[in-house]
Structure formats: C-alpha cells, structure tokens
Amino acid sequence: AHHSLVSTPAWDEIREGRDLQSAAEEQRVRELRMQELEVAAMRKTNEHVAELRRIGEESATKVNRYANQVSQRSAEYQDLVDGVNQLKSDARDTEGEFIAGWLRFRGDAKGA
C-alpha cells in the first residue's frame, strides 16, 4: 500500500514541483553568483583603470618636470651663448680700438 502511494500521480506532481522549485532556486543562486562575479570584475577593472590613470598622471608630471628642466637648461644655454657673443663683440671692439690706437701711434711716430 505504501509503495503504491509513492508512485501516485499526486506524489509525482509534488515531487516534480519540488524538483522545479529546487531547480529554480539553483538557477537563482547561479544568477546571484554571476552577479557577484560581475560586480567583483567591475571593481577590479575600476581599480586597474584608477591605477593606470595614476601611473599616467605620474608620467605626465615627470614629462612636464623634464620639459621644464629642458627649457630652463635651454634658457641657461642661451644666456651662455649671449654672454659668449657679448664677449666676442667686446673683444672685437677692443681689437678695433687697439688697431685704431696703434695706427694713431704709428701716424704720430711718423709725423714726429
């Protein structure tokens, strides 16, 4: 009697209902787990993006610092070049004055 009760259509329906319910619960658990994984993946991605952005900003800062140093050196170099040119110019003026003086001296000596 017990055995025939287990295989009645009513029991089969109950068993199928339970199977469907547990399948639905398993599906729901899988979906929640997938959502958790997606959230974790997004968080990781955001962390990576933030890290890359930080590295990029550091690099940009270094590049700007280097560019500033280069332009500063360039300005210093230009000052040196200007200084050297000024010295050359002064030397030419002095040389010109010396030659003019020498010629005057010789002229004076000849005239004397």
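Glu51, Arg54 and Glu58 are linked in a network of salt bridges, and this network belongs to a predicted model whose secondary structure comes to two helices and zero strands. The radius of gyration of the protein is 47 Å, well over the 13 Å that the globule rule gives for 112 residues, so the protein is more spread out than a compact globule. Along the principal axes, the C-alpha trace spans about 160 × 10 × 10 Å.

**Salt bridges**

- The structure holds four salt bridges, and among them is the pair Arg54 and Glu51, whose closest N and O atoms are 2.8 Å apart.
- Arg54 and Glu51 both lie in helix H2, where three residues, or about one turn of the helix, separate them.
- Arg54 also forms a salt bridge with Glu58, the closest N and O atoms being 2.5 Å apart, and because these two residues are four residues apart in helix H2, about one helical turn separates them.

**Charge and surface**

- The protein carries 17 positive and 21 negative side chains, and the centres of these two sets lie 7 Å apart.
- Buried residues make up 0% of the 112 residues, while the accessible surface comes to about 10,200 Å², of which 59% belongs to carbon and sulfur atoms.

**Nonpolar patch**

- Phe98, Ile99, Trp102, Leu103 and Phe105 form a nonpolar patch on the surface, and together they have about 580 Å² of accessible area.
- Phe98, one of the patch residues, is found in helix H2 and counts as exposed because its relative accessibility is 59%, which is over the 50% cut-off.

**Along helix H2**

- Helix H2 covers residues 9-111 and includes Gly17, which is partly exposed with a relative accessible area of 33%.
- Gly17 and Ile99 are 82 residues apart in sequence, and their C-alpha atoms are 120 Å apart in space; Ile99 is also a member of the nonpolar patch.

Conventions: Residues numbered from 1 in each chain as written. Predicted model: local features only at pLDDT ≥ 70, side-chain atom pairs only at ≥ 80, totals over all residues. Heavy atoms only, no water. Buried < 20%, exposed > 50% of the residue type's maximum accessible area, 1.4 Å probe, protein only. Patch = residues over 30% accessible without salt bridge, like charges linked within 9 Å, V, L, I, M, F, W, Y side chains within 5 Å. Areas by Shrake-Rupley, 256 points an atom, 1.4 Å probe, with all protein chains shown as cover. Salt bridge = Lys/Arg side-chain N within 4 Å of Asp/Glu carboxyl O. Rg over C-alpha atoms; globule rule 2.2 N^0.38 Å. Lys, Arg positive; Asp, Glu negative; His and termini not counted. Charge placed at Lys NZ, Arg CZ, Asp CG, Glu CD.
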